[in-house]
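Me: I'd like to walk through a structure together, chain by chain. Could you show it to me before we start?

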Amino acid sequence: MGKRIAVDPITRIEGHLRIEAQIEGGKIVDAWSSSTAFRGIETILKGRDPRDAHHFTQRFCGVCTTVHSMASIRCVEDALKIQIPDNARLIRNLVMAIQNVQDHVIHFYHLHALDWVDITSALKADPAATAKLAQSLSDWPKSSATYFKGVQDRIAAFVGTGRLGPFANAYWGHSAYRLPAEANLMAVAHYLEALEWQKDVIRIHAILGSKNPHPQTFLVGGMSIPVDPDSQNAINADKIAFIGKLLKKAKLFVEKVYIPDLLAVASFYKAWAGIGAGVGNFLCYGDFPMDESGRVESFYLPRGVIMGKDLANVMPMDEAKITEYVTHSWYRYGSGDKVGLHPYDGETAHAYNGPKPPYDFLDTDGKYSWVKAPRYLDQPMEVGPLARMVVAFSSGHAEVQATVKMVLDRLGVGPEALFSTLGRTAARGIETLLLAQKSELWLQQLADNMGRGILAVHNGDKWDPATWPKEARGFGYHEAPRGALGHWIRIESGAIGNFQAVVPSTWNAGPRDAAGQRGPYEEALIGTPVAVSDQPLEILRTIHSFDPCLACAVHVLDGRGTEIVQVKAL
Amino acid sequence: MPQHSPPQEQPLDEKLLQRWEARGVSRRDFIKFCATLTATLALPASFIPQIAEAIEDKRLPVIWMEFQGCTGDTEALLRANQPTVAEIVLDLLTLEYHETIMAAAGHQAEEAKSQALEKYKGKYLAVVEGSIPTADGGVYCTVGGDSALNIVRKICGNAAATIAVGNCAAFGGLPAAAPNPTGAISVKDAVPQATVLNLPGCPLNADNLTATIVHFLTFNQLPATDGLGRPLFAYGKRIHDNCERRAHFDAGQYAEAFGDAGHRQGYCLYKLGCKGPETFHNCPTIRYNEGVSWPVMAGHGCIGCAEPGFWDTMSPFYRRLPQVPGFPVEATADKIGVGLVAATAVAFGAHAVGSAFRKGDAMESDKVIKED
Amino acid sequence: MLEIRYVWEWPVRITHWINASSVILLSATGLFIAHPFAIIGVETMAWARLVHIVVAYAFLCSVLFRFYWMLVGNQHASWRAFIPWLTAEGRRNFVKMLRYYTFTGKKISYEVGHNPVAALAYLGIFALFIFQIVSGFALYGQYAPEGFWGGLFVILNPLVSSQYLRLSHHMVMWMLLGFLVNHLYSAWLMDVKERNGTMSGIFSGYRYIEPEDL
């Protein structure tokens, strides 16, 4: 008889996640992923102005801020058949790309690194040896012995106070930590450096989007940030130069710190290239349109589906094949909990029947999560950087292929290593590098447009609701840092009739479906070793490799439901 | 000729500066930081040494809790510049519990929380992000198997003070927007007896949070607030009255459409639905992300995110006035108003016609003697 | 024998005309504030707001003075004149008047001052005036929450969001404009039908009364 454990809260993620796992013989034999918070934003959206929707949906999540704005706006634009100006496309690409880059770096250093890096061991490192290690990886100018000594002193002073704050009670000294002290010190130094870096480079969002988190310049039909070389109140040459400087800073850090650190840390954890494979099915909506039309064929990251790890066969993605199950989720369908519904026809009445808090374990035979279980052709799908990279790789994307091969060569592993906890973490780095490099092109194109006197940022032809059809429906896609994000809207008489979102963490963190198939988190945990059952560091590694973001995943969809209003307030 | 000398800078304690240098913070940066904070708090420069002492000596234990939020306020904290988040976490405070950035997980994380609660009872600062769902026994948000409502009562009830960051914690925010499916309430409503300071915004501006914490460290009390529990130093003035585009408002120069000539020239966004005239916040003066920008500067109207119930009262965000309750989306206040006046005119016009053809109603007009 | 009676004392007439012109000026400037546009060389919004605020103060003084006069003026100016249903005769006349207006009766109630239906409308109008003054000055006071108006209406902020205050202020303006149409028509109708100086009375103060009719 094995042991049942619950990890709640899973920290260093966005939102509220709980993992329950059954451990036998030091390995996980079964796992359940549950989200424990619910806000009901789609219910709130009903009846409102579709042009306002992006403000609401952006608040699904403050970590992957911008992404829900993007998907919401695209679903309204799809419904109303709006073509956005070229400048708006470029500004959106820039905003989305830098969001991916910044978010991935934060994820690696601040949310994921502590699973691999033992901060306390950094105190034992030799700063000179650390400098040598760092210099062997890249020519990052900061990598001097004095610099690492300074960081070590700062950590020592902090640990010396005896008040560890956020670093207290962690699994320090756990046997699964494998890095030498010097690598730990280097990683800690870069943990602190990345904290500075991320707030610097995200100022691109402030310039183009007014602020971050939650930029406020998205509009149905374009962007609100004006472009005009002859105005001091618009994106002009000065601001282009400022963005250029920040993009360069972003790219340099990724090239010279993040990627070398990723490769260095990964080389100590190669065993994790064989753990955490997951479901092996990948879904990618694709994103970053490369020409003004915005057509799918022009996407920098292509759209596609891969089933059963078959890299030779990329299938076209058809959003009509998506369904959502609530068999194990705290919702109820009118036609029974065994069927799956497409988001357009989705319905939701939340029906919590879990234990009354405080509780020890959830009833995982019944309903056990606020996340629904989305399926593509009735299969669970993994989304995220790994999905994007394997779809692009298999579609013959030259830049992706070159970078993936470079990383695999450096680690001395084959393509099969991609399907793992380590592969997921590596794919995130590869994507960061590509987007950081590509952003400079988009900025250049924006500057070129300005030079040619092309200043439009917004297509206002369909701004007035009087110009809209009585009924319309649309699908909005986006490749968010955490994966494929879809929003579906029905517009009725100028108002939102129905709004639904199927977000990356719904795909990844979803529970079992009607057929009992596990979701990607649950599947990925199977076979994961757990050395110390009350210090399940290994669970965190695999779960964090997906970059969970739970506030996004938990929403209520309201199809034709009227039941939804029966919620009673105490 | 009168002598113009720059204002005398107060000398800071040498030892204190050295200690900061030892932590990797240069004197120049430290003095600049203290001066900025003092200015944000609207205090005279003579307070700089006191501020410097305050952030030096008392590392304040903080328990940061997130409930029905989006982590946007935590992200805002990560963008903090004066001081940076690294300085906050390592030097200014001891963050005893914060789900997004803490290393520990699961029951070890919960243990850290209860340890801090015991050890610093009545002394720690509680920070809450996100609203608290009350419907159906609080099942809509649980952490470590316990409901948000139970946790917030315990943690905020034993805190020296609570800071509600972001609109959700301060006023219920997005989860509480109509029809409020989860019965979401603000921290103050969840724990009425607690001392709660509201720092709304979506998300809040991290500079206002650091200024509040330092105010607390310096004076051992929370700053003065308005009727909604918001500190006056950050929410005492309307955006509209401090807006860089106010001159265009007064001059009658408005952007009529996004991307038009007026919009590109920085004209007032009033006609595009800006809610600056009804929102109290210091966005125009401190801006976001190290003072780079704020919504109006980026050509998008304010959406009023520092006000209670803004999701309902400030929307539709691209119109001047809210939806008239009970009327369809396309019926604006003016369309209804014009309709009302027109209907009155038509009704009385009809009445006039009726009256003109009315005979023998025994009125004075029937008795008029006609002159030849 | 026709009598000429001094009905509308000078404070009634003065405040009537100040109120009337205020409603027109405030509505015109208010509509401009809601839907502004530029005129080259003119600080249009600044002027519109200045006029709106100055006229608002004049309107406030006028309404307050009229309230004072309700206490000290003659019987037609008195507050009692606005609540006709206090007496049985008032209620009878109210029904009579209502039937005349709706073409269901032929007789009207001859009055020296307001007829009972009109009196009720004026009561409503004064209520709307108070609402506009309170909401208007509460909105105006937001520029300085620590100032006089800001302090006076501090209690309103948590109760009503300023956007709904603004919306109500706007909607009540349309109601007052609707009333204006009604008021002009009714005065004209009675002037034509009664021939007793309804219209000229509000300029001169005198009305022509046939005591036998009363």
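Predicted model: local features only at pLDDT ≥ 70, side-chain atom pairs only at ≥ 80, totals over all residues.

Me: How many residues of chain B are in contact with chain A?
Reply: Contact here means heavy atoms within 4.5 Å. Among the 2 pairs of chains that touch, A and B have the most contacts. Chain A brings 99 residues, and the number from chain B is 97.

Me: Which residue of chain B forms a salt bridge with Arg48(A)?
Reply: A salt bridge is a side-chain nitrogen of Lys or Arg within 4 Å of a carboxyl oxygen of Asp or Glu. The rule finds 4 of them across the interface of chain A and chain B. For Arg48(A), the closest N and O atoms are 2.6 Å apart, and the partner is Asp312(B).

Me: What is the distance between the closest C-alpha atoms of chain A and chain C?
Reply: No contact joins these two chains. Their closest C-alpha atoms lie apart by 17 Å.

Me: Which three residues of chain C supply 16% of the area that chain C buries against chain B?
Reply: The contact takes 49 residues from chain C and 50 from chain B. Together the two chains bury about 4,200 Å², 60% of it on carbon and sulfur atoms. The three residues, which supply more than any other three, are Gln163(C), Trp174(C) and Lys193(C).

Me: Which residue of chain B forms a salt bridge with Glu146(C)?
Reply: The rule finds 2 salt bridges across the interface of chain C and chain B. In the one with Glu146(C), the closest N and O atoms are 3.4 Å apart, and the partner is Lys237(B).

Me: In what order do the elements of chain C run from the N terminus on?
Reply: Helices (H or I, at least four residues) and strands (E, at least two) are DSSP runs, numbered from the N terminus. Chain C has 8 helices and 2 strands. The order is β-α-α-α-α-α-α-α-α-β.

Me: Are α7(A) and α9(A) roughly parallel or antiparallel to each other?
Reply: Axes are lines fitted to C-alpha atoms, for helices over the stretch in contact, and angles run from 0 to 180 degrees between N-to-C directions. The axes of α7 (residues 181-201) and α9 (residues 237-268) of chain A come within 11 Å and cross at roughly 160°. Angles under 35 degrees count as roughly parallel, over 145 as roughly antiparallel, 65 to 115 as roughly perpendicular and the rest as oblique. The two helices are therefore roughly antiparallel.

Me: How do α9(A) and α12(A) lie, roughly parallel or antiparallel?
Reply: These two helices pack at an angle of about 165°, with their axes 10 Å apart. That makes α9(A), relative to α12(A), roughly antiparallel.

Me: What is the angle at which α4(A) and α12(A) pack?
Reply: Helix α4 covers residues 86-112 of chain A, and α12 covers residues 421-451. Their axes are 8 Å apart, and the angle is about 150°.

Conventions:
Residues numbered from 1 in each chain as written. Chains lettered and ligands numbered in written order. Heavy atoms only, no water. Buried area = accessible area lost by both parts, 1.4 Å probe.
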